[in-house]
Amino acid sequence: MERERTARKEAERLLEEKARELYGANERLTRLLAGLEARVAAQTASIRDSEQRARAAEEQLRVAIETIPEAFCLYDADDRLVACNENYRRVYAGSAPAIFVGARFVDVLRYGAEQGEFMEAVGRVDDWIAERLARHLNPTGPIVQPLSNGRWLRIDERRTADGGIVGFRTDITEIKERELELVRKSSLLETTLEHMSEGISVFDGERKLAAWNRNFLELAGVPAELARQGTPLLAILAHQAAHGEFGAVDDPQAEAARRLDENWSTGRTVLERRRPDGRIIQLRRNAMPDGGFVTLYRDVTDEREAEYALNRSKEAADSANTAKSEFIATVSHEIRTPMNGIIGMLGLLTDTALDGEQRRYIQTIRESADALLTLINDILDFSKLDADRIEIESMPLDVVDAVNGAVELVSVQAREKGLALSTRIDSSIPERLIGDVGRLRQILLNLLSNAVKFTSRGSVDVSVQPIGNDKSTAKLRFEVADTGIGIPSDVLPRLFGRFEQAHASVQRRYGGTGLGLAISRRLVQLMGGAMGVESSQGKGSRFWFELPFALADGSAAERGALSFMRVLVVAPGGPDRALLESGLDRLGAATMSVDDVSEMEMLLEQSAQVGMPFQAIVVDDTVAPSPVAAADALRRLTRRDKTSLILAAGASVDGSLRRQVSQRFDEVIDKPVRTHALDVALREVTSATARRAAMRLKAADLRPLRILVAEDNVTNQRVIQALLQKLGHRADLVANGREALEAVQQVPYDLVLMDVRMPEMDGIEATRAIRDLPDQAGRIPIIGLTANVMRSDLDAYRAAGLNEVLSKPIDRSQLEQLLARWTPEAAPRAPQPARPSAEVHSSTIADMVASIGREMTLSLVVDVCADARKHAAMLAEEIAKGDEADVVGPVHALSSLLATFGLRHLASLAQAAEVAARSGAQAEAMDAARSLSAGIETGLNSLQAFVNGMQARAGTDAGAA
């Protein structure tokens, strides 16, 4: 029992021990399982991570393959597709169904070839597959593959380390097309070069032959064996020199070297040379950017021979045309010379005792002579046009004045026939344009004269309207319409031809040359315009012409027929004064302006001192309380027989006031003043002044003038001499300018009548020489005589020293008026050296002090004295130059400075010098300038002394206060 208990206890112990061992083993097993599970989980996570990285790497590889711009493919060692990008499938779109991973390369080839994708496989699929597969398995370099869709691929394949094949396909279609185009152009160029009629050669920057054609070899004399790429130009030149292409030479190599350097160094691009066979070859060379050049060779032998023949024909034609024109001009001139004598003698004969019948005969002869003179002038004009010797002038013009001037010339004839003459000018036309006013007036006068001539009743209308303009030009349409006989429709096409009139009966009834319209149309064409006519027989005609004009910038002045006249404008600054100054400047008058009558006094005084009085004074109606008061003040300062007064009247001058001013002023013109009205008024007062002077001289029974007449034509000499004797003057005659120059140095003549055109020494040259003479001989009045008083010539006449111009044939009344103006007692006196006065007009300084204060006045006096001395130094420099002096600038500046500060006498001298200089009276200007220069320092010292005294008095007054 005990043993059983003992055994049981032992068994329980053993059981507990085993249980503990089992429990420990279980715990170890549990821990082992837990560790195993952890290792499995870790390994599983690692595998998943590796798989993710592998997928990411695969994706990156796929993206990388897709980003390759070329088509990419990779085949393994068994030539099965491992990978490719979409570009691979795109370029082989026809084979796409066969392109997949694992596909064999040969299967892809066959599928595409059978679909017709490969151009080279068409009709030979198996052979092509074999050839392509062999190149694929043994890649040696790039190959070019054309596809049936027109694309071209460049294939680059190479073996990989594991025996596979990687390949790239690049689309080279554009490159291939450019290559093909280049080949096509090259072929076309070669064909073109070979079919060119000209030879061509191209040398590169190293002076070696790069391209040529067969004609180059033939025209340049180059043998075929030298026509190779890279042949030096020196070798070709040496061959040409050796074979006489450049004439006889001693050393062909040296000649070739010289020509090579010459051709490369000179800028000549076109030259010609004659070959040994007589042909003339033209070489035209053009440089290339690389330093080479292209040369064209052309046989111009026939052209040069044709040009030579043409030149000979042209020279012969020009010679004949010149001879014809010279003949017409000579004959016209020779006819006009006796015509002048006839007209002059008729004028003298008219002054004799004649009965009524004799006067009618003389009048008929005079009208016939005038008609013949018009005919001669038309023929002369036409001959100049025919020889292209008519020059179109460009100068400022006023269309309104030009039209009104032409209308005025035919107005008397129109009134005599009872015709209504009207003018309509569009108000939008610019007042100042650039053109040839003389030719414009000639055209208008021709059309107006015809209209009046061929119209017996009704009207003649002139209209001008703009038809287009831009910033720099204005195009105008002129129309002259009449209600006359009209023109038959069959005559219109030839109306503007030479010597054309409607019918012979028209010429017999109305006269005329038939040249007027032809001349007018040619003149219009020369001025860049067009001319035409609209007419019906019995219903009148409408002639029109259109002309372009440049817009005037306002800076140029037209020199008109009054270019020797001195005019003073008395008007306040503003639009009315600007119009007056512009009109006078356009007419060419020498003009000065003042604001009111009080300012005019000093200017009249100094102009009289230097013997350059104003011939006319134009007064604005607002310069005095009334125009009557202005006229009375002016008459106290001027002599009626020497100075004419013209009033520019506004709308307020009417009724009884108009009658009063008409009695006090020589002429009254309405504002706004038009240039034409001003021109008419000045001409009228000039004639009236001359008539008054002539009457005064006759009444005073003054001595006759001793006049030198320089005229080469004997008939004209007799006419002028007879006219002068009739007027009570003595005339000495010389035949040319040289004799006139000698005569004025021997005899103190009162006046010279100088023909402009004379043999040996013409009138202009003689006038210049006389003006260079010392003392009174150099100042003698010289009147030019000419049959052509052109506006373009007036400036030259005045610059040469002519005092006036008298047109031929000489009219007795005009000659009488001219002599009255230049008789010593009526003519401007020779300037006397003025005695400078240092007197300071204290009222001027006092007014300045009252206006700006004493201190400012004193400061300004210091400044003005410094400025005046500076300008005085400049004046002294100009005076030292003698005949070349230009004193206008210094005396103009001094005039303003001296007058402002009360040195009136010195200011008067400065203004006198300026007036004389601007009028072309150089000697008078220099005399006044010298007097001014001599007295200016004394005057400035007087001014400073006066101001110092005033300052001292001011100090004394302040101390006393």
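Residues are numbered from 1 along each chain as its sequence is written, and side-chain values use heavy atoms, with hydrogens and water left out.

- Where pLDDT is low, the predicted coordinates should not be read in detail.

- Buried means under 20% relative accessible area, exposed means over 50%, and partly exposed lies in between (1.4 Å probe, protein chains only).
- Helices (H or I, at least four residues) and strands (E, at least two) are DSSP runs, numbered from the N terminus.
- Strand 24 (residues 730-734) pairs with strand 23 in the parallel sense over five bridges; two strands pair if DSSP finds at least two bridges between them.
- Within that pairing, Leu-708 stands opposite Asp-732 of strand 24.
- Strand 25 (residues 751-755) also runs parallel to strand 23, joined to it by four bridges, and Leu-751 is the bridge partner of Ile-707.

**Salt bridges**

- Side chains of opposite charge can pair when their charged atoms come close.
- The whole structure holds 30 salt bridges, each being a side-chain nitrogen of Lys or Arg within 4 Å of a carboxyl oxygen of Asp or Glu.
- One of them joins Arg-110 and Asp-126, at 3.1 Å from N to O. Arg-110 lies in helix 3 (residues 105-114) and Asp-126 in helix 4 (residues 125-137), so the pair ties together parts that are 16 residues apart in sequence.
- Arg-110 is partly exposed at 33% relative accessible area, whereas Asp-126 is exposed at 51%.
- Arg-279 and Asp-299 meet in another salt bridge, 3.7 Å from N to O. This pair links distant parts of the chain, 20 residues apart: Arg-279 is in the loop between strand 8 (270-274) and strand 9 (280-287), and Asp-299 is in strand 10 (residues 293-299).
- Asp-299 is partly exposed, with a relative accessible area of 31%.
- Glu-546 and Arg-477 form a salt bridge in which the closest N and O atoms are 2.7 Å apart. Since Glu-546 lies in strand 17 (residues 541-551) and Arg-477 in strand 15 (residues 473-482), the pair ties together parts that are 69 residues apart in sequence.
- Both Glu-546 and Arg-477 are buried.
- A network of salt bridges links Glu-198, Glu-272, Arg-298, Glu-303, Arg-304 and Glu-307.

**A nonpolar surface patch**

- Leu-29, Leu-32, Leu-33, Leu-36 and Val-40 form a nonpolar patch on the surface, with about 440 Å² of accessible area together.
- Patches are made of residues with over 30% relative accessible area and no salt bridge; like charges are joined within 9 Å, and nonpolar side chains (Val, Leu, Ile, Met, Phe, Trp, Tyr) within 5 Å.
- Accessible areas come from the Shrake-Rupley method with a 1.4 Å probe, and for residues only the protein chains shown count as cover.
- Leu-33 sits in helix 1 (residues 2-67) and is partly exposed, with a relative accessible area of 44%.

**Backbone angles to look at**

- Most residues other than glycine have a negative phi, and most peptide bonds are trans.
- Asp-79 is not a glycine, yet has a positive phi of about 60 degrees. Asp-79 is in the loop between strand 1 (71-75) and strand 2 (81-84), and is buried at 12% relative accessible area.
- Arg-207, also not a glycine, has a positive phi of about 65 degrees. Arg-207 is in the loop between strand 6 (199-203) and strand 7 (209-212), and counts as partly exposed at 29% relative accessibility.

**Around Thr-170**

- Thr-170 belongs to strand 5 (residues 165-171) and is buried, with a relative accessible area of 19%.
- Leaving aside residues up to four places away in sequence, Thr-170 touches Glu-70, Trp-152, Leu-153 and Arg-154.

Methods. Predicted model: local features only at pLDDT ≥ 70, side-chain atom pairs only at ≥ 80, totals over all residues. Contact = heavy atoms within 4.5 Å.
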